[in-house]
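Visitor: I would like to learn how to read a few features of a protein model. Please take them one at a time.

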Amino acid sequence: MGAVTTPAPTTRAARRQQAAAAAPRRTGATVAMVLVIVVALLLTAVLLVLRGGGPAGAGSAAAPVPDAVLPAVGDAPPVLADLDPDAPQPTALDSTLAPLLADPALGRGLSAQVVDARTGTVLFDRDGSDPGTPASTAKLLTAVAALTTLDPAATLPTTVVAGATPGEVVLVGGGDPTLSRTTPSATYPGAPTVDDLARQVTAALAGAPVTSVVVDNSLFSGPLTAAGWGADDAPSTYAAPVTAAAVDGARLAPGGLARSGQPGTDAGVALARALGAPSVPVTLGAAPPQARELGRVQSAPVARLVEQALSLSDNLLAETLARHVALTRGLPATFEGAGTAVTDAVREAGIDVTGVVLGDASGLSAGDLVPATTLTGLLRAAGDGSLPAAADLLSGLPVAGFDGTLADRGDPTGGAAPGSVRAKTGTLLGVNALAGTVLTADGRLLVFAVLADGAVGGLDPTEAALDRVAAALAGCGCR
């Protein structure tokens, strides 16, 4: 049924009844109109007075208005206050740390060192100069090498050029694994996108169809996995073959965990789809010499990539950064070349690298060796201003209980204030490490490194034991 419409009244009585009902509405409308007119007249009068108009003020100057007086405001306190140089330095760390480091979960062969960040005074040392397996704390060396060798503001390009045949396009990997299939990236803030690259290519082709995609990985050379990696390390949820072209950190799906065994091909497939040609063949190959560039995107700055590699403990990102260090230093972009380049760069930055052996740049290799003294040395250099280029290393350290690989870690019973522990984690089978900075309860900044490469307690007990050490330092008066 449709809407029911009430017919209009037709009788004279009905019309009188309707008119009577409408009378109050007309009266109300008349009153409202009168009020509007009165308000308008009042506003006009006020404006005339303010402007010196009207009969009484005609031709007179406007009344003077006193200047506004702002309230007195004191100096703003700093958002981040300087540390008190006179904050007391711990003097009894042996008695504080010895029982914690004796935890059976940490096993034998443990090495550790704690250093005052301001003075360089060694406050605690347990075989600190003995090289140990660093696991992912090796990324601290890679970070220093990248920040001191490369321009921290530099970006890494990914380009597309015209291929050797009509309709063929070549994706030239520039060693940036953060190129994203989504907008924005699900993992790397500030990352370039495949869609942006595809829009440029489409415009450059001016309507010509894409018939094939070639992926050029030639920027990097040598084996795609390191000799010290296990058979199940790449692909896995934490590592992938190291190639010059990749998308989303070689993840099978944006934001996922599982990594791909063919990162370059995946990047080519993503480009083909973004170009509206998902069924064209995608192969590995080389770009023609002096090929016409069709599109280019740039990574986030190197400093941000370093932060992401540390916070996420991203093995692929660390390996690609190290290869750029190798290329800049005239070495091959291989695992061996990257390991040598990182070690040399850290040495030239003034850090003692005695005993350092790097078979990769991520710490995934079980053959890597780094003393705790090297880790505390570079952390102090980044924190005390003596190595200003490495300052971004500190901002990339995960914060206990807040973000990165320490988001769900920390010891709430240790007296540590929120945010007082920032450290790089390291985890391999039988190896757990923690190295970073800690602000004591007295306001003293310390750097520390603990390498437990003979751990026997399993992952959770060993990590908990290391967290108790960090929390004890943070809650320390220790005098």
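Visitor: Over the face of which ring does Arg323 lie?

Guide: This is a predicted model. In it, Arg323 lies over the face of Phe335, at 4.2 Å from the ring centre. The charged end of Arg323 also sits over the ring of Phe220, 5.6 Å from the centre of that ring.

Visitor: How many aromatic pairs does the structure hold?

Guide: A pair of aromatic rings is described by the distance of the centres and the angle of the planes. The structure holds one such pair. Its members are Trp229 and Phe335, with 5.3 Å from centre to centre and 75° between the planes, an edge-to-face arrangement.

Visitor: Which parts does the pair tie together?

Guide: Trp229 belongs to the loop between strand S5 (212-216) and helix H6 (263-274), while Phe335 is in helix H9 (residues 335-348), so the pair links parts that are 106 residues apart in sequence.

Visitor: Is Trp229 buried or exposed? And Phe335, buried or exposed?

Guide: Trp229 has a relative accessible area of 10%, so Trp229 counts as buried. Phe335 has a value of 5% and is buried.

Visitor: Now the sheet. What is the order of the five strands?

Guide: Strands of a sheet pair through backbone hydrogen bonds, either parallel or antiparallel. Here the sheet is open, its order is S2-S1-S10-S9-S8, and the pairing is antiparallel. Strand S2 (122-126) and strand S8 (421-428) are the edge strands, each pairing on one side only. From one strand to the next, the twist averages 5°.

Visitor: How many bridges are there between S8 and S9?

Guide: S8 pairs with strand S9 (residues 431-439) over eight bridges, in the antiparallel sense. As one example, Thr425 has Leu434 in S9 as its bridge partner.

Visitor: Which strands does helix H10 lie across?

Guide: Helix H10 (residues 372-383) lies across strand S1 (111-116), S2, S9 and strand S10 (445-452), and runs at about 155° to S10. Helix H12 (residues 459-474) packs on the sheet as well, where it touches S1, S8, S9 and S10. The direction of H12 makes about 20° with that of S9.

Visitor: What is the average pLDDT of the protein?

Guide: The average is 87, and 85% of the residues score at least 70. Over residues 1-60, however, the pLDDT is below 50. Beyond near neighbours in sequence, that stretch has 12 contacts in the model. Where pLDDT is low, the predicted coordinates should not be read in detail.

How values were computed:
Residues are numbered from 1 along each chain as its sequence is written. This is a predicted model: local features need pLDDT of at least 70, side-chain atom pairs count only at pLDDT 80 or more; totals for chains, interfaces and linings use all residues. Side-chain values use heavy atoms; hydrogens and water are left out. Two strands pair if DSSP finds at least two bridges between them. Helices (H or I, at least four residues) and strands (E, at least two) are DSSP runs, numbered from the N terminus. Axes are lines fitted to C-alpha atoms, for helices over the stretch in contact, and angles run from 0 to 180 degrees between N-to-C directions. Contact means heavy atoms within 4.5 Å. Rings of Phe, Tyr and Trp (its six-membered ring) pair if their centres lie within 6.5 Å; planes under 30 degrees apart count as stacked, over 60 as edge-to-face and the rest as tilted. Buried means under 20% relative accessible area, exposed over 50%, partly exposed in between (1.4 Å probe, protein chains only). A charge sits over a ring if NZ of Lys or CZ of Arg is within 6 Å of the ring centre and within 35 degrees of the ring normal. pLDDT is the predictor's confidence in each residue, from 0 to 100.
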